[in-house]
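Please open the structure in your viewer and keep the selection panel at hand. The tour below goes from the whole chain to single residues.

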Amino acid sequence: METQLDPTKDDLPLMANTSYMLVKHYVLDLYVDFKSKVIEGSIVLFFDTGSQCRKTSAGKVCCQSQFDETGKMRASEPCHIPMMNMSSCSSEKECNDFAVSGEEEVATSDANSSHRNNEQASGISSSKDYCDIEKHGNKDFLLVLDCCDLSVLKVEEVDVAAVSGIETFTRSSKLTGVSKELENLRNQIVHELVTLPADRWKEQLYYFTHCSQAPGCGELLFSTGTWSLEIRKSGIQAPADFPHAIRIWYKTKPEGRSVTWTTDQSGRPCVYTIGSPINNRALFPCQEPPIALSTWQASIRTAAGFIVLMSGENSAEPVQLQEGILNWYYYVSMPMPASTFTIAVGCWQEVKQQSFKQTSATETNTEFSLPSSQTDFRWHEEVCGHVEYPCRFQNPAARLQAVIPYRVFAPQCLMESCEEYLLQLIPRCLSAAYATLGTHPFARLDVLIVPSNFSSLGMA
């Protein structure tokens, strides 16, 4: 039986086996349905091989003995990688609507069919070691993701090799001498994509988008537990051979503990993420151990009249997909924990500068900021020590930006109060933060007046 935990008292279990497969990028394509109070759609995960299994030039996987996320010691051995011929792949049709009842389907024992949701299924902790499995030679590698309160409908491998223009990655010198068998080629393409240098982030984002829209090339077996989603591919025993791009079709549950469906101060419906109970596990399948830092992008569709706000580096503008349906697109290029992904959807209105004239940046800086030579002296003396990404701290213009671009959103009934008080306060707060902490790590900020029943810390 799975251990039942109380999130208010117990630490959340870290189920994801990040030592073997590490998510580098998420692509979410979701629809927010206020009538049924669910968020449904798909998420594509792009993986790279984890720290515990690295390929050598001889085509082997070296498994290091080390402590896993649960603190248990593992004894691992080198394992050979079996090659699979996947020359024939059938394209899966796009699933834009779901004819699935609210009740969870019963898990089947058929090894050739997907295992549907079964809340009684036992969880697989990160102590599952594929090298121990390899020694016995009779079990497949299990990819374990952190999730809770989700209805997973289908999991499939994504045929990234079918993307137009992806040949640029197959011609890389790094692929010289590597087998061109299709399955191995897909994984090599994903590896090349997730390891592109930071100065090519726009190109990387472009190919992430198109790869996420590629057809499926075979369903994967899966089962769900209270705290995990377990995925496997029949006959694949090594993480290096497991598909490095997978698509998960799923829907949230109205009672899911990562989102709150409520009304704003004007009585209009809204939904927002609350990170404190179980992080984002009830919003999308993810990896939560501290080593799991990733980037993401998201297309969020909802009915016209709603505004979608999300953690992102761009100020999204809605695009009409069809009558009554708008699409909002956000992205981030800084690797961050999946728990920092935030979303809020409601009938907010942007508070504009009308009767109030904002204090100029020069006046604000003079009043609240230290001289730039004192404020950001540390960035002139040393290079950042974080993982590579497009870092604002190395941008001279960003180092002098005391007040970053921002937008303010509020329900209709609070518009006048926000205009009168909040718009004058925000630039002063940002400037004071700049004077104390230096360059803001992000290029923009959205400020949302949340409903009064908001029970969490900020959604930053």
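What follows is a sequence of selections, each with a description of what is there.

This is a predicted model, in which local features need pLDDT of at least 70 and side-chain atom pairs count only at pLDDT 80 or more, while totals for chains, interfaces and linings use all residues. Residues are numbered from 1 along each chain as its sequence is written, and side-chain values use heavy atoms, with hydrogens and water left out.

**The whole chain**

Begin with a cartoon of the chain, which has nine helices and 21 strands (DSSP runs numbered from the N terminus, H or I of at least four residues for helices and E of at least two for strands). Of its 460 residues, 52% are buried, where buried means under 20% relative accessible area, exposed over 50% and partly exposed in between, with a 1.4 Å probe and protein chains only. Contacts (heavy atoms within 4.5 Å) between residues at least 6 apart in sequence join residues at least 24 apart in 77% of cases.

**The nonpolar cores**

Next select Tyr-26, Ile-231, Ile-246, Ile-248 and Phe-284, which touch the most other members of the largest nonpolar core, a set of 66 residues. Such a core consists of buried Ala, Val, Leu, Ile, Met, Phe, Trp, Tyr and Cys residues joined through side-chain atoms within 4.5 Å. Centre the view on Ile-246: beyond its neighbours within four places in sequence, its contacts include Ile-43, Val-44, Leu-143, Glu-156 and Leu-220. Another core, apart from the largest one, has 19 residues, among them Leu-185, Val-190, Leu-196 and Tyr-207.

**Aromatic pairs**

Now show the rings of Phe, Tyr and Trp (its six-membered ring), which pair if their centres lie within 6.5 Å, with planes under 30 degrees apart counted as stacked, over 60 as edge-to-face and the rest as tilted. The count comes to 13 aromatic pairs. One of them joins Phe-141 and Phe-242 edge-to-face, at 5.6 Å centre to centre and 75° between the planes. Phe-141 lies in the loop between α1 and β6 and Phe-242 in the loop between β10 and β11, so this pair ties together parts that are 101 residues apart in sequence. Phe-141 is buried at 1% relative accessibility, and Phe-242 is buried at 0%.

Move on to Phe-169 and Tyr-207, a pair that is also edge-to-face, with 5.1 Å between centres and 85° between planes. Because Phe-169 is in helix α2 and Tyr-207 in helix α4, the pair ties together parts 38 residues apart in sequence; both residues are buried. Then select Tyr-26, Phe-284, Trp-296 and Phe-341, which ring pairs link into a cluster.

**Helix α9**

Select residues 415-437, the 23 residues of helix α9, whose first and last C-alpha atoms are 30 Å apart, close to the 33 Å expected at 1.5 Å a residue (that is, 1.5 Å times one less than the number of residues). Look for a kink of about 40° centred on Leu-422, the bend being the angle between axes fitted to the seven residues ending there and the seven starting there. Leu-422 is one of the buried residues of α9, which also include Met-415, Ile-426, Pro-427 and Tyr-434. Gln-424, by contrast, is partly exposed at 35% relative accessible area. After the helix comes Gly-438, whose phi is positive, near 95°.

**Last stop: Pro-269**

Finally, select Pro-269 in strand β13, which is partly exposed at 33% relative accessibility. Its C-alpha is separated by 7.3 Å from that of Cys-347, 78 residues apart along the chain.
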